[in-house]
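Please look through the model shown here, keeping the sequence beside it, and follow the explanation below one region at a time.

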Amino acid sequence: MQIKINDVLRAYIEPLTESEYQALERSILTEGCRDALVLWEDVLVDGHNRYQICQQHGIPFKVTENTSFRSMEDVKLWMIDNNLGRRSISDYQRGVLALRKKEIMTARALELAAEAAAEDARIAPEEGEAAAKKPAAMPLASREDIARAARLSSATIGQIEKIQKTATPELVEAVRAGTISINAAATVASLSEEQQLAAVAGGKKELQKAAKEVRDLRAAARPAKEPKEGKAAPEVDYSDMPTDVRELRAENMALREKNAALLEEITVLQRRISELASA
């Protein structure tokens, strides 16, 4: 069989870093290609890096065809779910994949709704007869649903959405490389393109400085809260707090939200298991 490479599918998932690719290559050279490549008919879906390494070194490999795919969207959804199940990808990658899944699911929901509306218009119920119930369209996924799928907090998903919409490619690459946190990158993404480029060019410290300046401006623009009667509001000055501490505080909050989302997911799974056991 002649395996075909689809450029869209090959680029759909975040590529391996150079060190990750080298580690995979060493593993295959030592142990062989243990996992089978996944095909959609003759198109390669999963295993592009393994296929390239095996071809380069003449190493045999196995293939398996997934016969459940009916469309390119089915393939993409499978690729997303397959990668979301891996522990090695970053939180930013998880968020991007979950948002891509949302786009596909939303498009499918709109298609189902349009088909149902067209069917209703074509077969109008006769007077006095109850209209036949049409299957409900697939519901649109909320931000909470997306966050749950990615095992992230809703706030983190919102920050990733902002990065995708307003961040320059250079700032996005800094997030992918771990030079700047998701929280800080979303803050820097509110700056102009020129300011973002200058911050990225300055490295980690300049990015942190830019994020701090934006937060300080926002804090200064917010009206001061009036203390409740009988309670004096404590005056705390955070202006001298190091940028690294601010970053840690923000990341700690994001981790707490992520843990809460995981606990909610575990609770739902336990409830489903109980329901199945009692059925």
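This is a predicted model: local features need pLDDT of at least 70, side-chain atom pairs count only at pLDDT 80 or more; totals for chains, interfaces and linings use all residues.

We may begin with strand S1, which spans residues 37-40 and is covered on both of its faces. Leu 37 and Leu 39 lie on one side of S1, Val 38 and Trp 40 lie on the other, and all of these residues are buried.

Strand S1 also has partners to which it is joined by bridges. With strand S3, residues 63-65, S1 runs parallel and is joined by three bridges, whereas with strand S2, residues 43-46, S1 runs antiparallel and is again joined by three bridges.

We turn now to the helices. Two packed helices are described by the angle between their axes and by the distance between those axes. For helix H10, residues 193-201, and helix H11, residues 203-221, the axes come within 6 Å and cross at roughly 140 degrees. Angles over 145 degrees would count as roughly antiparallel, and H10 and H11 are therefore oblique to each other. On the H10 side of the contact are Ala 198, Ala 199, Val 200 and Ala 201, which meet Gly 203, Glu 206, Leu 207 and Ala 210 in H11. Sorted by class, this contact of H10 with H11 has six nonpolar residues, one polar residue and one charged residue.

Definitions and conventions. Residues are numbered from 1 along each chain as its sequence is written. Side-chain values use heavy atoms; hydrogens and water are left out. Axes are lines fitted to C-alpha atoms, for helices over the stretch in contact, and angles run from 0 to 180 degrees between N-to-C directions. Helices (H or I, at least four residues) and strands (E, at least two) are DSSP runs, numbered from the N terminus. Angles under 35 degrees count as roughly parallel, over 145 as roughly antiparallel, 65 to 115 as roughly perpendicular and the rest as oblique. Contact means heavy atoms within 4.5 Å. Ala, Val, Leu, Ile, Met, Phe, Trp, Tyr, Cys and Pro count as nonpolar, Asp, Glu, Lys and Arg as charged, and the others, Gly among them, as polar. Buried means under 20% relative accessible area, exposed over 50%, partly exposed in between (1.4 Å probe, protein chains only). Two strands pair if DSSP finds at least two bridges between them.
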